[in-house]
Amino acid sequence: MIVLKRDLLLAFRRRSDLATTLFFFLIVSSLFPLGIGPEAAVLSSIAPGVLWVAALLAGMISLSRLFAADFSDGSLEQMLIAPQPLALLVLAKISAHWIVCGLPVVLLAPLIGLQYGLPNESLLVLVWSLLLGTPALSLIGAIGAALTLGVRGSGLLVALLVLPLYIPVLIFGAGAVAASQHGMSAQAHLSLLAACSLLSLVLAPLATAAALRISAE
Amino acid sequence: MVNKSIDNYKVYMKINWFKYSSPQVFYPLAGKLIPWFAWLAAILALAGLYVSFMVAPTDFQQGEAYRIIFVHVPAAWMSMVIYIVMATWAGLGLALNARLSAMMAQALAPTGAIFTLLALVTGSLWGKPMWGAWWVWDARLTSELILLFLYLGFIALQSSIDDPRRADRAGALLALVGVVNVPIIYFSVKWWNTLHQGSSINMGAAPKMAATMLLGMLLMALAFWMYTVAVALMRVRCIMLERERNTDWVKELSLKTLSSQSIAGAK
């Protein structure tokens, strides 16, 4: 809990980091209409995929910050030798990362969805899918961030490691929104998304803790 | 007396189990095994190619183009099998802290990536005349492509970490995470595919295959297996020398090679 509070406080003191993620999300999703053209029908049909890919990338570029600062100032080593289980501390850090980088994207997404001309019920599904899916992104991404800690060119490497693992979340998330657009129920997709998040909630902190031990050796 | 023999037996068992997990012992053994596997691979590949080009009948629907499957299907099999074998070695290395297991995992990765690429390229060569497109977002093609990404991630991670022990363990963890994810990715891609394309081309439409076709495919698959073992052993020998270059046995080995070369040169 204290780790969570500390990380949130640190993030709040450096608000520009938060803004970077949000602006990145905003810019990436604004590039597509410029590249493709302003036809409303085309835009609303690509909206689920574009918004999800943008959210995925926004979550990914902030991953390198997850452990880097703690690694360089030595507080990570303190966590490694702390009496509390490392996986739990890692989970607190990941939660803070999600609150700082994931939640704002979830809240901003319906606004951009409106720009893409998504109908109201799809906007709701979009928010739900992001809410259920982005925790999985933070959790899986943490494994990649921990593995590449202190490695040269780690930013690009994280992308290579993590993006293939993001694919199921992307498929189910974008699928949920697309299903609601076509008048189908998004229930199945949302359940699968939640399953992905829960599974990674169980496994990812353990894997991340193991990865941190390898990296900080 | 009896106790002593039991003790001896225990020691014997212990040595036997872990004997070949030491690079020093495994190096010459691998050197002896390589020619066997290489020759087997060559002979099986020749036999397989003979069966697939000369013996196997022409497909009445697909004509001669179907013969790509004799390379394509075994390559796709190998790409998946090698990933699992690689992850197993990596997991063993992580659990038992065995150097050689991690080296095996590292040695297998490039071969697996090459087979994945081969499966993708031959698949698209086959797809052009059959489907009229180089690439279709079919579930199997897509998941094979993602498998290639997983291989590349493993190789990139290992090569970007300078400390070999850390590289081994980080790579091992990534391989294990990948193995957990492979079925999830496969099923998600499959469902995505069936949701997006009402009826795509059915790739599983090979109900009755002539026995000779199957034989050719199996021969080629065996040849690929042997090739994989031979190449992985060759690569693991190089990795061993590189990693253990400061040890005595490598020094002795290099001295021996140098002296035999100089003798040969004098003659």
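A word on reading the model comes before the tour. Residues are numbered from 1 along each chain as its sequence is written, while chains are lettered from A and ligands numbered from 1 in the order in which they are written. Because the model is predicted, local features need pLDDT of at least 70 and side-chain atom pairs count only at pLDDT 80 or more, whereas totals for chains, interfaces and linings use all residues.

Let us begin with chain B. Chain B has 8 helices and 0 strands; here helices (H or I, at least four residues) and strands (E, at least two) are DSSP runs, numbered from the N terminus. Of the 267 residues in chain B, 35% are buried. A residue is called buried if 20 or more other C-beta atoms lie within 10 Å of its own, exposed if 12 or fewer, and partly exposed in between, with the C-beta atoms placed from the backbone. Contacts tell us about the fold too: two residues are in contact if their C-beta atoms, placed from the backbone, lie within 7 Å. Among the contacts in chain B with a separation of 6 or more, 79% join residues 24 or more positions apart.

Where does chain B touch chain A? The two chains meet through 23 residues of chain B and 22 residues of chain A. On chain B's side, the elements that give two or more residues are α5 (139-160) and α6 (164-196). The most comes from α6(B), with 14 residues. By class, this side of chain B has 17 nonpolar, 4 polar and 2 charged residues. In this count Ala, Val, Leu, Ile, Met, Phe, Trp, Tyr, Cys and Pro are nonpolar, Asp, Glu, Lys and Arg are charged, and the others, Gly among them, are polar.

Now for how helices pack. Two packed helices are described by the angle between their axes and the distance between the axes. Axes are lines fitted to C-alpha atoms, for helices over the stretch in contact, and angles run from 0 to 180 degrees between N-to-C directions. In chain B, helix α4 (residues 99-131) packs on α5(B) at an angle of about 150 degrees, with the axes 9 Å apart. That angle makes α4(B) roughly antiparallel to α5(B). Angles under 35 degrees count as roughly parallel, over 145 as roughly antiparallel, 65 to 115 as roughly perpendicular and the rest as oblique. Residues that meet here include Ala113(B) and Leu117(B) in α4(B), and Leu148(B) and Tyr151(B) in α5(B). The residues of this contact between α4(B) and α5(B) divide into 14 nonpolar, 5 polar and 1 charged.

Next, look around a single helix, α4 (residues 65-73) of chain A. Its buried residues are Leu66(A), Phe67(A) and Asp70(A). They cover an arc of only 65 degrees around the axis, so they sit on the same side of α4(A); the arc is that of the directions from the helix axis to the C-beta atoms. An α-helix has 3.6 residues a turn, so residues three or four places apart point the same way. The exposed residues Ser72(A) and Asp73(A) are on the face of α4(A) turned away from its buried side. The cover over the buried residues of α4(A) includes α5 (75-80), α6 and α7 (120-147) of chain A. After α4(A) comes Gly74(A), with a positive phi near 90 degrees.

Finally, meet two single residues. Is Tyr166(A) buried or exposed? Tyr166(A), in helix α8 (residues 154-181) of chain A, is buried because 26 other C-beta atoms lie within 10 Å. Leaving out residues up to four places away in sequence, Tyr166(A) touches Leu56(A), Leu137(A) and Ile140(A). Leu124(A), in helix α7 of chain A, counts as partly exposed, with 16 C-beta neighbours inside 10 Å.
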